[in-house]
Amino acid sequence: MWKMHDSQIVNFLNFDRNSRLREKIFKYAFFHDIKLAACLYQTNLKIYEPEVDNEGCDIILEDGLDFSRKIQLKSIYH
């Protein structure tokens, strides 16, 4: 999909001023992948994003039954 413009995208995302955008793209890709995995296991997965990051967690995953995980995301772009 990005083949023609890969180098432009890489250059753009490598700028320090674009670090928040880079993190958002990573987060949305993670949400996509984790939701697909939940579909494979036929599980209704809920994703919560705390308004305040005072516990070091960026997202909380729950299945509404007995599964709950707090996750802190870190991104590095090469």
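What follows is a conversation about the fold of a predicted model.

Student: Which helices and strands does the chain have, and what pattern do they follow?
Tutor: This is a predicted model, and in it the chain has two helices and three strands, which follow the pattern α-α-β-β-β when read along the sequence.

Student: How are the strands arranged in the sheet?
Tutor: The three strands form an open sheet in the order 1-2-3, with antiparallel pairing. Strand 1 (46-48) and strand 3 (68-71) are the edge strands, each pairing on one side only, and the twist from one strand to the next averages 20 degrees.

Student: How many bridges are there between the strands?
Tutor: Strand 1 is joined to strand 2, residues 59-62, by three bridges, while strand 2 and strand 3 pair over four bridges, again in the antiparallel sense.

Student: What stands opposite Glu62?
Tutor: Glu62 of strand 2 has Lys46 opposite it, and Glu62 also stands opposite Ser68 in strand 3.

Student: And how far apart are Ser68 and Lys46?
Tutor: They are 22 residues apart in sequence, and their C-alpha atoms are 9.4 Å apart in space.

Student: Staying with Ser68, what does it touch?
Tutor: Not counting residues up to four places away in sequence, Ser68 touches Ile60, Leu61 and Glu62. Ser68 counts as partly exposed, because its relative accessibility is 39%.

Student: What about the hairpin of strand 2 and strand 3, how many residues are between the strands?
Tutor: There are five residues between the strands of that hairpin, and Gly64 in it takes a positive phi near 80 degrees.

Student: Changing topic, which residues make up the largest nonpolar core?
Tutor: That core has five residues in all, namely Phe31, Ala38, Leu45, Ile59 and Leu61, and at least two of its residues are supplied by each of helix 2 (19-40) and strand 2.

Student: What is Ala38 in contact with?
Tutor: Once its neighbours within four places in sequence are left aside, Ala38 is in contact with Thr43 and with Leu45, and Leu45 is itself one of the residues of the largest nonpolar core.

Student: How much of the chain is buried?
Tutor: Buried residues make up 15% of the 78 residues in the chain. The chain exposes about 6800 Å², of which carbon and sulfur atoms supply 55%.

Student: And what share of the contacts joins residues at least 24 apart?
Tutor: The share is 19%, taken among contacts in the chain between residues at least 6 apart in sequence.

Student: Where does Asn18 lie, and is it buried or exposed?
Tutor: Asn18 lies in the loop between helix 1 (6-14) and helix 2, and Asn18 counts as buried because its relative accessibility is 9%, under the 20% cut-off for that class. Leaving aside neighbours within four places in sequence, Asn18 is in contact with Phe12 and Leu13.

Student: Last topic, the cysteines: are Cys39 and Cys57 buried or exposed?
Tutor: Cys39 has a relative accessible area of 54% and is therefore exposed, whereas Cys57, with a relative accessible area of 10%, is buried.

Student: How many disulfides does the structure hold?
Tutor: The structure holds zero disulfides. A disulfide is a covalent bond between the sulfur atoms of two cysteines.

Notes. Residues numbered from 1 in each chain as written. Predicted model: local features only at pLDDT ≥ 70, side-chain atom pairs only at ≥ 80, totals over all residues. Heavy atoms only, no water. Pairing = 2+ DSSP bridges. Axes fitted to C-alpha atoms, helices over the stretch in contact; angles between N-to-C directions. Core = buried A, V, L, I, M, F, W, Y, C linked by side-chain atoms within 4.5 Å. Buried < 20%, exposed > 50% of the residue type's maximum accessible area, 1.4 Å probe, protein only. Contact = heavy atoms within 4.5 Å. Disulfide = S-S within 2.5 Å. Areas by Shrake-Rupley, 256 points an atom, 1.4 Å probe, with all protein chains shown as cover.
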